[in-house]
Amino acid sequence: MKKILLLLLLSSKLMAQQPSKVIDFNEFMLIERVEDQEKQYNEMLKAHKGKSLPDSLTNDLRAELAFAWLANGNVERYQHYKSTSPQFTARQFLYLCNALEKMFDEKKDYRSVEKISAALLQELKAGTLTDDLGRMPVIMELNAAANARLGNIDMAKEMLKAINKSVEVGSREVPYFRDHKSNFINRSAIVMLSCGQFQEAFDLLSNAYKHADSNPYMDITFKEIFQKVKGTDQGFENYLKGLKDEAYQHYYKEVEKLYIANAQLPFEATIPDPDDANEKLVLFKADKPVRDIVLTDLANKPVALGNYKGKVLVIDFWTTLCTPCVAAFGGFEKVVADYSKDQMQLFVINLFESDRTVKAYVAQKGIKLDVLHDEENQAYDVQGTPTKMVFDTDGNLRFYSAGYAGSTDREYYKLKAMVEITKAGLSTSSKSFGG
């Protein structure tokens, strides 16, 4: 017995001397708060008693902490981790750029945006920072607009000129990143405003609103420009409303053509093949009424879609790795704000990913929409995201669409039109998709 006790004591002592395991990065990403991520990171460093760990073991953790702190608006903590020279993955660099955009648009911290963007541009030019997703033009835009807001007009003009020379115009038409084109237009107008090009900026934004290349942040810029051109801000709200109404009516007519009068079960939704105009791709398949579908929410509670009879029901399928999916959420939020809960219900339904992954992402990104979960893709066998469906008050499918519309306002107009047309009812047929 004494020998056994001695062996146990020796074993325990040896185990205590072994270095702690490094953090599993996949688990680290699922920690919802950056404060808790940093705490775990510091505990790992402490467990190694000050011994430096290889960069390869800590690089991804430091990069994750850098962009996460910037997303929280904490420049000091961002600089702390950025000073360790982490190499960012494509995903991390995308989120870093998103955080910088948020700092410009929401926090109005122009000085920090100017400093951070200038440093990132230097690294990109030197080749010490990799830009796999082509986000460099966005950093240039932010630098130009931040300099304009700070009164550094010559620097802003030179940066905008460099952007226009280096970026292909057509690339901004690709509906992938949230407000890619409308943000560029807005930031260009900010530079024009600082340069005294009031009428040119006014015309630029007026045209953008007419064609729905717009987003809510542009409204602030446009009001400033309107006041400079007109000498007053009186009449601005009516003028802006007129432009937005024109854009909405255009998309209302466009969407109206897509109305489904009778979607019989089983139903196979198709979209044109982008590589062959003569071919169709299957988007999703339905073999049961929407009223029979039950999914779970983020609290793992069952949600029966059949409970929403009497309301227009909108469901949108997404994944956390689908950038266009999340880009559309801003437009969805505007639609949700327009209707009371007894008129419409919108769910964004995550596919393929674990509930932990989804919960962490929703918390980290501050998503306010109602989220459901369909990890096995059992509801509609969706073949591509984002995929949107709109059902009438009897559960009949009236619209479906795929992809991101390209701007927050255009996404809003299209979905708003679908809801309004569905509410109005373009057909007396009711016994179809709802069963």
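**Exercise 1. Classify Phe352 as buried or exposed, or in between, and locate it.**

Step 1. Phe352 has 48% relative accessibility, so it counts as partly exposed; buried means under 20% relative accessible area, exposed over 50%, and partly exposed in between (1.4 Å probe, protein chains only).

Step 2. Phe352 sits in the loop between strand 6 (344-351) and helix 16 (355-365). Helices (H or I, at least four residues) and strands (E, at least two) are DSSP runs, numbered from the N terminus.

Step 3. The phi of Phe352 is near 75°, a positive value in a residue other than glycine.

The model is predicted: local features need pLDDT of at least 70, side-chain atom pairs count only at pLDDT 80 or more, and totals for chains, interfaces and linings use all residues. Residues are numbered from 1 along each chain as its sequence is written, and side-chain values use heavy atoms, leaving out hydrogens and water.

**Exercise 2. Determine where Asp179 lies and whether it is buried or exposed.**

Step 1. Asp179 belongs to the loop between helix 9 (153-166) and helix 10 (180-194).

Step 2. Asp179 counts as buried because its relative accessibility is 5%.

Step 3. Although not a glycine, Asp179 has a positive phi of about 55°.

**Exercise 3. Describe the surroundings of Glu141.**

Step 1. Glu141 lies in helix 8 and counts as buried, at 2% relative accessibility.

Step 2. Leaving aside residues up to four places away in sequence, Glu141 touches Ile163, Arg172, Asn183, Phe184 and Arg187; contact means heavy atoms within 4.5 Å.

Step 3. With Arg172, the contact of Glu141 is a polar one between side chains, at 2.8 Å. A polar contact is a pair of N or O atoms within 3.5 Å; within protein, one must be able to donate a hydrogen and the other to accept it, and residues adjacent in sequence count only if both atoms are side-chain atoms.

**Exercise 4. State how many helices and strands the protein has, and what share of its residues is buried.**

Step 1. The secondary structure comprises 17 helices and nine strands.

Step 2. Of the 435 residues, 47% count as buried.
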